[in-house]
Amino acid sequence: MTVDFKKFPTKPGVYLMKDVKGKVIYVGKANHLQKRLKQYFAPGRDTRPQIPLLVAKINDIETIVVSSEKEALLLEHSLIKKYSPRYNFLLKDDKSFICIQISKGSWPALKLVRSKDIEAQKDVFGPYTSGYAARKTLNLLQRIFPIRECSDFVLRNRTRPCILHQIGRCVAPCVDKCSKEEYASYVEQIRNFLKGQDQTIVKDLQQKMKEASSNMEYEKAQHYLETIKHIESLLEKQNVITQSKINIDIIGLYREGGFITLSLLSFQKGRLMDSQTFPMFDDFQEDEDLLSSFITQYYLKKTELPHEILVPRPPASEKALINLLSDKSTHKIKILCPMKGNKLDLLKMAFENAQTNFKKEQKQTLHREELLLDLKDKLKLTNYPEVIECYDNSHIAGSSPVSVMISFKNGVYDKTRQRKYHLNADQVFDDLKGFEETLLRRFRSQDLELPNLIIVDGGKTQLRVAQQVLKSLHIVNVDLIALTKEKGRHDFGMSQERVYLPEKEDPIVLSRKSNLLFLLQSIRDQSHKSAIGFHRRSRKKSIIKSSIDQISGIGPKKKKALIAHFGSPKKIKEATTEELSQIKLLSSKDVEKIKNFFSSQ
C-alpha cells in the first residue's frame, strides 16, 4: 500500500486500519495522527516483528480527529467494541455480566440479573466473577437482612405471612407487618453492604440495637444483635492482607510469547474480596498497550472504581486513562507502578497468581492436544481435529423444527462459531431431510472456514447423507465420523459408543473408560443441549408473539418492547398499570388496550 502521509491530520485522534474487504483489522489512538502512522511504514521506526504482518494486510486507513488524548482513548474503546478488530485486545466477557439488583417499588427485593450496561441501571451491583459468587452473596444478604424474597405477584396476593416470616427471615411487608421506613432502612443497609461499607452498617446497627433496648423493644434489639453477629462472622473470615483503608486493585501480567494471563486482585479496606483471571492471546500489542486496553475495557463498565490500580509497568496514555476513570468516579483514581514496600509485595502476589494460572492453562492445553492427536490416530483421520463441528435437530412431532451446529476448537467449546437454523416446516418433517438442509446451508455459507472434522449423531444412514452433501459441494478435505449409542441400555451407566467411518463396514467400539469417549460424548451432549435450548426459546417467542399479535393498535416495536420487558404473556397479563407504564414506548391508551385485552380473556 502506497501512503501519502500529508493527507493525514496532525491532531489527536483515532485511526482505523482496513483490509481489502473493508473490514477493520486494527484501531489505534495517537496524539499526533500523522507521526504515529508514519511509524508503521518507515523502516526501523517500529521494530516489533508483528508490524510487517499488519502492514501487509492494510488496504485503507481512516482517521477520526478529536480534541484530546482522553477523547481519543474513549473513542478507541467504543470502536474496538463495535468492530472487534483482529489485532486489538478485546475482553471475552464483554457481553453480559452477572450482577445483584435492588428492584424498584415500595418494597424492593434482591435479584440476580445479567446486564450488558451496568452503568445505565440504578441499584445494580457487580459484576461478579461467576454465578456461584453472585448467588453466595445473594444468599448471605437474604440471611442477614429480612427483606422479601417473593415475587411481585405473590406480594400483591398474600393474605398471611409465609414461613420466612415465622423463622425471622422476612418482615412480611405483604401483610403490613413493618413500616415503609423500617423496610427502607434494611434496603439502605444492603446498598451500603454491597458498596463495601460493612463497618458503617455495624455501627448503625449497634446504635439501633441500643435504641430498641432503651424502648424495651427486645425482639427488635435481638434481631439487630443477630444481624451484627452475622456480619462480624463474615468479616472474621476475610483476613486483612494490607493495612490500607482504601480500595485497591492489583493487575499481574505473565507472558510467554503471544500467550498471556492477566490476574486481577481486588482489595477493599485491606481485605482480598475478589480474584479474577483473564487468559488471552495477543502477539501484536506491547504490554503497555495491552494494560491500557484492559483497564479501559474493564473499568468503564463498572459502577464502583478502586482508589488505586497497581500495575507492573505504566500503561500507554496513562494520564489520559487516569483522567477518564476519575471523571467516571466520585474520587480521584491513581495508577501506580510500585518499586518497593507492601504494594510491591501485592504486585508480586498478582504476578504469581497470573503465572500459576498460566501454567495450569498450559497443562490443560497440552492434555487436550494429546487427546486430539490420540483421536486422529485411533480413528485414522486425515486431519488433526483442531476444529470439530457437530449437528443436532430438535422439534416436537415435527413442529417448529430447528437445527444447531456447535463447534469445538482445540478441544474447547467455541460458542462464537455456533450457528442456528430454522428449518422448513411447510412439509412433514423428516430428520434426515432436516439434517441435509442444515449441512447444505452451513457449507454454502462463506462466513466460516471449513472444520477439520464433522461428528454426525447417528449411524451409517446419517453418515451417508453427510457424505452426499459434501460430495455435491466438492468438499473433500473434511473428515467425517458418525457416533451412535450402544443399543439396549436403559440404565444410567456410561454407554459403550460405536464410531462409524466412511468406507468401513464395522464400527470402532470405544471403551467406557476411554478419554476419547468422554470428549466425543461431551461434544454431542453440547449439541443436544444447544438444539433443545434453541427450540424452547423459538417456541416461547412464537407463543408470545401469537398471543400479543391479537392486541389491536400495538405495533411491532411495542410488541418487541413488551416481550423484552416481561418475557411471557402470563407476566404481561399479571402486570399492573404502573408496571406497563414503565415501558416508554407505551402510551396510556396502549396500556388501557393491553389491560382490556387480557381482562376479556
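**View 1. Helix α12 lies across a sheet in this predicted model.** Helix α12 (residues 341-378) lies across β7, β8 (259-268), β9, β10 and β11, and runs at about 45° to β7, where contact means heavy atoms within 4.5 Å. Helices (H or I, at least four residues) and strands (E, at least two) are DSSP runs, numbered from the N terminus. Axes are lines fitted to C-alpha atoms, for helices over the stretch in contact, and angles run from 0 to 180 degrees between N-to-C directions.

**View 2. Five strands form an open, mixed sheet.** The strand order is β9-β8-β7-β10-β11, and two strands pair if DSSP finds at least two bridges between them. Because β9 (271-281) and β11 (334-336) stand at the edges with a single partner strand each, one side of each is left without a neighbour in the sheet. From one strand to the next, the twist averages 15°.

**View 3. Strands β7 and β10 run parallel.** Three bridges join β7 (residues 247-256) to β10 (residues 308-310), and I250 stands opposite L310 in β10.

**View 4. Helices α3 and α10 pack against each other.** The angle between α3 (residues 69-83) and α10 (residues 287-299) is about 80°, with their axes 10 Å apart. The two helices are therefore roughly perpendicular to each other, a term for angles of 65 to 115 degrees. In α3, L73, H77 and I80 meet S292, T296 and Q297 of α10.

**Notes.** Residues are numbered from 1 along each chain as its sequence is written, and side-chain values use heavy atoms, with hydrogens and water left out. In this predicted model, local features need pLDDT of at least 70 and side-chain atom pairs count only at pLDDT 80 or more, while totals for chains, interfaces and linings use all residues.

Methods
Angles under 35 degrees count as roughly parallel, over 145 as roughly antiparallel, 65 to 115 as roughly perpendicular and the rest as oblique.
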